[in-house]
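Hi,

Here's the structure I promised to pass along.

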Amino acid sequence: MTQANELTITEARDALIAGKLSATELTQSCLDAMAKAGELNAFITETPELALERAAQSDARIAKGESRGALEGIPVAVKDLFCTKGVLTTAASHILDGFVPEYESTVTENLRNAGTVMTGKTNLDEFAMGSANVTSYYGPVKNPWKLDDGKDRVPGGSSGGSAAAVAAHLSLAAIGTDTGGSIRQPASFCGIVGMKPTYGRCSRWGTVAFASSLDQAGPMTKTVRDAAIVLQGMAGHDKKDSTSAPVDLPDFAAAITGDIRGMKIGIPKEYRIDGSPAEIDAIWRKGTDMFRDAGAEIVDITLPHTKYALPTYYIVAPAEASSNLARYDGVRYGLRVDGDSLDEMYENTRAEGFGDEVKRRVLIGAYVLSAGYYDAYYVKAQKVRSRIAEDFKKAFAQVDVILTPTAPSTAFAIGEKMDDPIAMYMNDVFTVPASMAGLPCLSVPGGLGDDGLPLGLHLISKPFDEETLFRAGDVLEKQANFTAIPAGWGAGQ
Amino acid sequence: MSLDTDTVRKIAVLARIKIDDEKLSPLASELNNIIGWVEQLSEVDTDGISPMTSVAEMTMPVRADVITDGDCEDRVLANAPQKVAPYFTVPRVVE
């Protein structure tokens, strides 16, 4: 029999409405699964008492006929980058030791108002800087997918804990943040659905900032429909974030009609990269065939500046990070390491509080913004960024959705690519370009690679056209019929 | 353009991160690899292109400049590693 924690949100909602399941039972089922899954290290902080309290409130509302809708009583794991009032928030960094926010991020507040039950704060790469969840001060997360070689795989990153939690059925859904691929790439590695909305769709208020012109929160779920339901609960205009878009929210799930006949799907030739494994081309071709079979029209397109997106990202994101992370000074919150002067205290605190990858990016950022280099690096990168955005604009004059692979490989072993930052950065080669243009994207499990580990297919649509993305993603999901599960983490386990 | 150890020392001061002397040289070569790699952007023709300043094409909203919050020193100071209420404390700056 399927246990409650293995349900999709849609299934759980129906069971809750029918009175076959209580929010407390559903939450307890997730908490039990979490208790057995300590080895994954998916959570930095578990909040079982808070979860049961909120589940009881959901049950009371449902009993009174005051359900808040599709998300009432649904357990959601929260990336530990969202500030949560009264609950430790670390960004997986030593420098935020003991930080308990006095306020709640808009996204988690919205989800709470929608009736969700937060089960805990999930592990991530330190300050969301990474693609393998190996830079966390709290240790790496293990991917629930395993092979016979006995090596643990990375879950991807930076939202690795959130992805692992959903893949191992520790939560019905999770939320993550995506700066250059941090929702979509772990979704691909863990065989789940991950969605990055249009920049401005979800408020960034109360989310620990990494690169403010790129950061965007989004859902990580078992199905495309569930992603639409969770996004509905997270998104919306927020006066507290001046980059939050003042646009109305459509009914995302209602856009899922199962019919994409005549939809134009663009295949960008620049995403075929030299030395890419054959399995990546294969999954991409499979995705193309599935769309064609469903009645879509396949259109070859060109995005000429694709190869420059990643180097552009590694100027823009570190520049913004070095400025955002200036706030960690040992004065107002978190870690403080004493020094004889104020400057020495700052330098000691930041030397001990930041990990190597964070230091690397802060230093690169400080360099590209420093006097004499600003025009050569930062301004140049922002100009290239304009060209990348222009490429997409031209492409979307021809097509409705762009299809690419999500990641250039399946999940690799923990410890690999650690001594070569650029090899690690290449993980995001397919996800970064759309991030540079602020576009909505969705990763859907497409199948298994040669090694038997999951591979995602990546869809990109026009700004604020998440509806087309969900409609196309749902059709792809049904065609792919991805039913594989990580051994030991589901089907009654 | 390449970073020598003196440049790394300078940007570490700008970034207020203490770097031990023996780490400067390996760090310089790591950062040089990354900077060398991003320099491929010089190939891109950006003549007449404006730098992107806003991801979403929208006008920055304005609001009235009025106080909407306050009287919450306790909450502001709640996470301070060192404080003498109602102040944050830092090492002596003025002798």
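This is a predicted model: local features need pLDDT of at least 70, side-chain atom pairs count only at pLDDT 80 or more; totals for chains, interfaces and linings use all residues.

Chain A has 15 helices and 11 strands. Its C-alpha trace spans about 65 × 50 × 50 Å along the principal axes. For 493 residues, a compact globule would come out with a radius of gyration near 23 Å, and chain A agrees with that at 21 Å. Of those 493 residues, 61% are buried. As for the contacts in chain A with a separation of 6 or more, 76% of them are between residues 24 or more positions apart.

One helix pair I looked at: helix 2 (residues 23-36) and helix 3 (residues 48-63) of chain A. Their axes come within 8 Å and cross at roughly 155 degrees, so the two helices of chain A are roughly antiparallel. The crossing is right-handed. Helix 2 of chain A brings Ala23(A), Thr24(A), Thr27(A) and Leu31(A) to the contact, while the residues from helix 3 of chain A include Pro48(A), Leu52(A), Asp59(A) and Ile62(A). By class, the residues of this contact are eight nonpolar, three polar and one charged.

Now for the two chains: 55 residues of chain A and 37 residues of chain B make up the contact. On the chain A side, the helices that each supply at least two residues are helix 9, helix 10, helix 11, helix 12 and helix 13. Helix 12 of chain A gives the largest share, 10 residues. That side of chain A has 27 nonpolar, 15 polar and 13 charged residues.

Cheers

Terms used. Residues are numbered from 1 along each chain as its sequence is written. Chains are lettered from A and ligands numbered from 1 in the order in which they are written. Two residues are in contact if their C-beta atoms, placed from the backbone, lie within 7 Å. Helices (H or I, at least four residues) and strands (E, at least two) are DSSP runs, numbered from the N terminus. Ala, Val, Leu, Ile, Met, Phe, Trp, Tyr, Cys and Pro count as nonpolar, Asp, Glu, Lys and Arg as charged, and the others, Gly among them, as polar. Axes are lines fitted to C-alpha atoms, for helices over the stretch in contact, and angles run from 0 to 180 degrees between N-to-C directions. Angles under 35 degrees count as roughly parallel, over 145 as roughly antiparallel, 65 to 115 as roughly perpendicular and the rest as oblique. A crossing is left-handed if the near helix is turned anticlockwise from the far one by less than a right angle, and right-handed if clockwise. The radius of gyration is taken over C-alpha atoms; the globule rule is 2.2 Å times the number of residues to the power 0.38. A residue is buried if 20 or more other C-beta atoms lie within 10 Å of its own, exposed if 12 or fewer, and partly exposed in between; C-beta atoms are placed from the backbone.
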